[in-house]
Amino acid sequence: MASLLLYRAAALITLGVIAGGIHAVVREKPVSLELMAPAPLPKPKGAEAGPVGAEPVEKPATGSTTSGTGQVAPVTPVTPVTPPPVPPVDAAAADPLNVTLALAKELHEQGYVFLDARPLNEYEQGHIAGAFWLNTETFATPGGGEVLGLLDREMPIVVYCQGGMCDASKNLVRMLQQAGYMGGRIFHDGYPAWEKAGYPTAAGKPPIGGG
Amino acid sequence: MAKPMRPMGWLVLPCRVVLGGLFVLAGVMKMQDLQAFAEAIDAFKIIPERAEFLIPFAAFAMPWIEVFAGAFLVLGLWSRASALVISAMLVAFIAMIASVLIRIEMGQPLSVTCTCFGKLEWPCPPKLGMCQIWRDVVMLVMGAVVLKWAPGPLAIDRESTK
């Protein structure tokens, strides 16, 4: 009797799994947890020749140069130039969706929009200076609309939350993408890393979108 | 000849209809937005990252299991088996919600919406809390009643034994 009960229960589950499988096959739009990669970061003004943070590097002179007359002119040996540190944007090219602390700092200095996806009380206690407050719960509210109204659909938007296992920024970037804002990037280490690094912070109510 | 009705048999019918109906509703509502449901499963952080590929499968299968188990329960077909499946799901839901609440209490920054009834979120608010646990406990009691005294009146199981 008990085994018949278990067989029937297993049959019901199997029925549901088969129906779900058929549904997955016939459904046109797949269900996916992957986020779309955002467009590449625009090069900052004055650095068209290289990525963000890269200074023009002169090649070290070696040996001698030849003048137009064909005479060989002696040159003073030049100390080889130390290669510049790997610019943060190179890291961004490898993983365009995620922003490191260094790149977040750089984008902050360049004036890109930062969105704080944490609850309001945490935003009010402290947030990245200049960041707006928007999360998945306020996204579709009038306050969320005010913040969205400020955003450019193509420009980089850095979204952060509490770091670690916090999913709020990932979920917000997904909602931004669904709404056509394709520049959303996740600053995975979030506010704790920013604060620990001693970068600019602020506290208080959000300037807009605070309800 | 039909088996005589057990003394508590008449309690089974409302439990079957309400519990089964709620599961059909929950399954159908989840199917309205499977993407949101998959994201909700992901947000629970129950499934390890290396097994994340299972989440879309779960998102497709679970609503259908709910619909089938709920419909069978309302009809009184395989009543006990349906009640067993639904009760097992409810126990799993309660454990998952409790684990999220405990992890939030321990300081993990989890932000989980239930999506139990899709966008309907009835009768609890979307954000996970004790309300969802109590709601599931009430439904679990109904499942236990059906398991104990099934099939009750107006059930296909009952007609088939005549």
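This is a predicted model: local features need pLDDT of at least 70, side-chain atom pairs count only at pLDDT 80 or more; totals for chains, interfaces and linings use all residues.
A residue is called buried here if 20 or more other C-beta atoms lie within 10 Å of its own.

The chain contains 6 helices and 0 strands, arranged along the sequence in the pattern α-α-α-α-α-α. Of its 162 residues, 44% count as buried. Among contacts in chain B with a separation of 6 or more, 77% are made by residues 24 or more positions apart.

Next, select helix α2 of chain B, residues 34-43. This helix is mostly covered, with 8 of its 10 residues buried. To display the buried set, highlight Leu34(B), Phe37(B), Ala38(B), Glu39(B), Ala40(B), Ile41(B), Asp42(B) and Ala43(B).

What covers these residues? Within chain B, the covering elements include α1 (9-32) and α3 (54-75); from chain A, α6 (168-178) also takes part.

Then move past the end of the helix to Lys45(B), which follows α2(B) and has a positive phi, near 55°.

Finally, show both chains together. Here 28 residues of chain B are in contact with 25 residues of chain A. On the side of chain B that touches chain A, α2, α3 and α4 (79-105) each supply at least two residues. Which helix gives the most to this side? Select α3(B), which contributes the most, with 10 residues. Colouring this side of chain B by residue class gives 19 nonpolar, 4 polar and 5 charged residues.

Key. Residues are numbered from 1 along each chain as its sequence is written. Chains are lettered from A and ligands numbered from 1 in the order in which they are written. A residue is buried if 20 or more other C-beta atoms lie within 10 Å of its own, exposed if 12 or fewer, and partly exposed in between; C-beta atoms are placed from the backbone. Helices (H or I, at least four residues) and strands (E, at least two) are DSSP runs, numbered from the N terminus. Two residues are in contact if their C-beta atoms, placed from the backbone, lie within 7 Å. Ala, Val, Leu, Ile, Met, Phe, Trp, Tyr, Cys and Pro count as nonpolar, Asp, Glu, Lys and Arg as charged, and the others, Gly among them, as polar.
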